[in-house]
Amino acid sequence: IQVQALRRIERAEAMIRALGIDDCRVRHYGNMARIELDGQMIERVAGSSIRRKIVVGLRTLGYAHICLDLEGYVSGKMNHGIETSSS
């Protein structure tokens, strides 16, 4: 993970939190950001002016594609699908 990418993620999450959304994660995939929110916040964000503010803010940070994860924020989600080997 590059320091520059981590800083962009931190700025993206801070911008979203400044809009009143506390539980969020931004996942970085090059020029795409995938946003994970608490399940109840998905509806609030998707159907409001907050959605546009997030899009504008993340585009300003350099993301060309902004996606909202409909499954929502789940701790440890990035570990799903990772196989571990047992010795």
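Here are legends for close-up views of this predicted model.

**View 1. The largest nonpolar core.** This core counts 17 residues.

**View 2. Ile21 and its surroundings.** Set aside the neighbours within four places in sequence, and Ile21 still touches Ile16, Leu37, Met41, Val45, Ile50 and Ile54.

**View 3. Helix 2 against helix 3.** The two helices pack with their axes 5 Å apart, at an angle of about 90°. That falls in the 65 to 115 degree range, so helix 2 and helix 3 are roughly perpendicular to each other. Helix 2 puts in Arg44, Val45 and Ala46, while helix 3 answers with Ile50, Arg51 and Ile54. By type, the residues of this contact split into four nonpolar, two charged and no polar.

**View 4. Arg34, a buried arginine in strand 2.** Arg34 sits in strand 2. Its relative accessible area is 14%, and the cut-off for buried is under 20%, so Arg34 counts as buried. Its side chain makes a polar contact of 2.6 Å with the side chain of Tyr29, and another, also listed at 2.6 Å, with the side chain of Glu36. Look for Cys67 here too: Arg34 and Cys67 are 33 residues apart in sequence, yet 4.7 Å apart in space, C-alpha to C-alpha.

Methods:
Residues are numbered from 1 along each chain as its sequence is written. This is a predicted model: local features need pLDDT of at least 70, side-chain atom pairs count only at pLDDT 80 or more; totals for chains, interfaces and linings use all residues. Side-chain values use heavy atoms; hydrogens and water are left out. A nonpolar core is a set of buried Ala, Val, Leu, Ile, Met, Phe, Trp, Tyr and Cys residues joined through side-chain atoms within 4.5 Å. Buried means under 20% relative accessible area, exposed over 50%, partly exposed in between (1.4 Å probe, protein chains only). Contact means heavy atoms within 4.5 Å. Axes are lines fitted to C-alpha atoms, for helices over the stretch in contact, and angles run from 0 to 180 degrees between N-to-C directions. Helices (H or I, at least four residues) and strands (E, at least two) are DSSP runs, numbered from the N terminus. Angles under 35 degrees count as roughly parallel, over 145 as roughly antiparallel, 65 to 115 as roughly perpendicular and the rest as oblique. Ala, Val, Leu, Ile, Met, Phe, Trp, Tyr, Cys and Pro count as nonpolar, Asp, Glu, Lys and Arg as charged, and the others, Gly among them, as polar. A polar contact is a pair of N or O atoms within 3.5 Å; within protein, one must be able to donate a hydrogen and the other to accept it, and residues adjacent in sequence count only if both atoms are side-chain atoms.
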